[in-house]
Amino acid sequence: MAPPVRVAALGGLGEIGMNCMAVECDGRIAVVDCGLLFPDEPIGADVVVPDLAWLRERASRVGAVFLTHGHEDHIGALPLLLRDLKAPVYAPRFALELVRRRLGEAGIEADLREVRPGDVRRAGEDSPLSAEFLAVTHSIPDACGLALGTPQGILLHSGDFKIDEAPVDGRPMDLARVEALGRQGVRLLLSDSTNADKAGRSLSESAVAAGLEAAFEGARGRVFVACFASNVHRLQQIADAARGFGRRVALLGRSMEENVRLSLALGYLSFPPWQLCSLAEVRAAPPAESCVLVSGTQGEPRSALARLARGEHPELAVAPGDRVVFSARLIPGNERALHQVMNDLARAGAELLHDREPPLHASGHAQEEEQRRLIRLARPAAFLPIHGEYRHLARHAAHAAAEGVEARLVAVDGDAVELGDGGLARILRGAVPVGRVYADRDSLGQGIAEVVVRDRRLLAEAGLVLCVLAVDRGTGAVVRGPELFAVGVAGFEGAAAGVQAEALAALAAMTGPSRGDPAEVEEALRAAVRRWFRREGLRRPSVLPVVLEL
Ligand SMILES: [Zn+2]
């Protein structure tokens, strides 16, 4: 009898982002990825991270953290995890360097260990769990999938992947290894669902070269290219295209600066020495001789691109005749923010290039044909779609059904998949407590409670009315007020007298003993104010009653 294996989804199942899983067997745990997600609403928090309490309580049982690649939605919450958990972190080189920098900024020491494709690492001494790293293609260097060795057989985790037949760095996905594992027997395939609803196959990254070249054609001013700073292969292709037009390359934005310097130092990027230049050199050179790589493809208001668009960047400004090329996917939810940036750029006289033929962007995620090819090669007994909203997971499960996989499991955050002797696999619904913690980038540990976020949403919805009443400490009689102050409340102008009368009537209706209880008086005030707004057919604001006993 082999001990059962449980795969617990702590994030990334039922949403795109904050990917994190725990594989558990015989009291030992291995963590796969630990990412964050960027909120798509302005609620005063930069990031959302998974609630890691469940893992933290089991910290001594975690033997290893395995990272598939260096995207924020796979590594961004690591500083939070590694504050209380001292297991070694195994990651491919590029991811490891990004993690090293992130942990350094957070002042966290960790045992970081580099791995290469083909390496097998045990999740702690005597652990029944191990991981073999295998090369996959994706929109960041060094991406890996994992073949997790367990007493219940091999769990093949795709990481984020696409099957790129012509990768820019010449490092293809190791499909031969997947096929070999498939012949050995894969117990469970966990596969990236992001593009499950897109038919056909993804465009090869190298196919973007033609679009990028066309984007420089005929440009007489400066060319700004917005792209993800971690998409190093894209950066390489942009630099190559720029070079063909005699343009030097400068960097705008902190993440762009950091990623390019790191990639150059590690050899992931190569420019001829003359090509990289400073912003001062861009200012001094004729506009037709520079290309500026800029971060902020999602319209993030504090990004370099947004500041450039608003004319608030201290180093550079957009001038009429300049061109801004968008070489990235717009993540749904960010449309408004990005369109604002585009409007600002257009107002400054820039020509905008996006969504055109030949394409300026290729997705880093497999589409249906590639997903099905992976399933055919791995021939898993059971299938668990990961990394996606519910609709993506359901669609991916349908692809697996079409490929004849008998057991398809659609699980969401908080569910666990159990693999035991006999039977294929089953889902334990709500097996692990999960949640979202809103936080600021530089203070991940000081999460903003969900109730605070809810209050912020309510305030945005209908504003706040502050209702201040002074009463006699002995008799409870009204001494003064209620006085009303409104913030962001529509229809409040000229309404104060009406609201006040409603509140006074509610107080008058209160009987003796409740009259003396400030908590009850506050509740009566709150109800009265909200009642007035409801009766007037207006949105009901949040109400903050304050009772002062004099
Ligand atoms: Zn990724």
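Let's start with contacts, meaning heavy atoms within 4.5 Å. Among contacts in this protein between residues at least 6 apart in sequence, 70% join residues at least 24 apart. Before we go on, please remember that this is a predicted model, in which local features need pLDDT of at least 70 and side-chain atom pairs count only at pLDDT 80 or more, while totals for chains, interfaces and linings use all residues. Residues are numbered from 1 along each chain as its sequence is written, and side-chain values use heavy atoms, with hydrogens and water left out.

Now the overall picture. The C-alpha trace spans about 85 × 75 × 45 Å along its principal axes. You will find 17 helices and 28 strands; these are DSSP runs numbered from the N terminus, with helices (H or I) of at least four residues and strands (E) of at least two. The domain assignment, which is automatic or from a database, gives domain 1 (5–200 + 363–451), domain 2 (205–353) and domain 3 (463–549). Taken over C-alpha atoms, the centres of domain 1 and domain 3 are 52 Å apart.

How much of the protein is buried? Of its 550 residues, 53% count as buried, that is, under 20% relative accessible area, with exposed being over 50% and partly exposed in between, using a 1.4 Å probe and protein chains only.

On to the nonpolar cores: sets of buried Ala, Val, Leu, Ile, Met, Phe, Trp, Tyr and Cys residues joined through side-chain atoms within 4.5 Å. The largest has 92 residues, and Leu55, Leu78, Leu81, Leu156 and Leu293 touch the most other members. Both domain 1 (5–200 + 363–451) and domain 2 (205–353) supply at least three residues to this core.

Serine 139 sits between strand S10 (130–135) and strand S11 (144–150). Is serine 139 buried or exposed? Its relative accessibility is 17%, so serine 139 counts as buried. Not counting residues up to four places away in sequence, serine 139 touches His71, Ser230, Asn231 and Gly364.

Last, a helix pair: H5 (residues 175–184) and H12 (residues 368–378) pack at an angle of about 45°, with axes 7 Å apart. Those axes are lines fitted to C-alpha atoms over the stretch in contact, and angles run from 0 to 180 degrees between N-to-C directions. On the H5 side, the contact is made by Leu175, Val178, Glu179 and Gly182.
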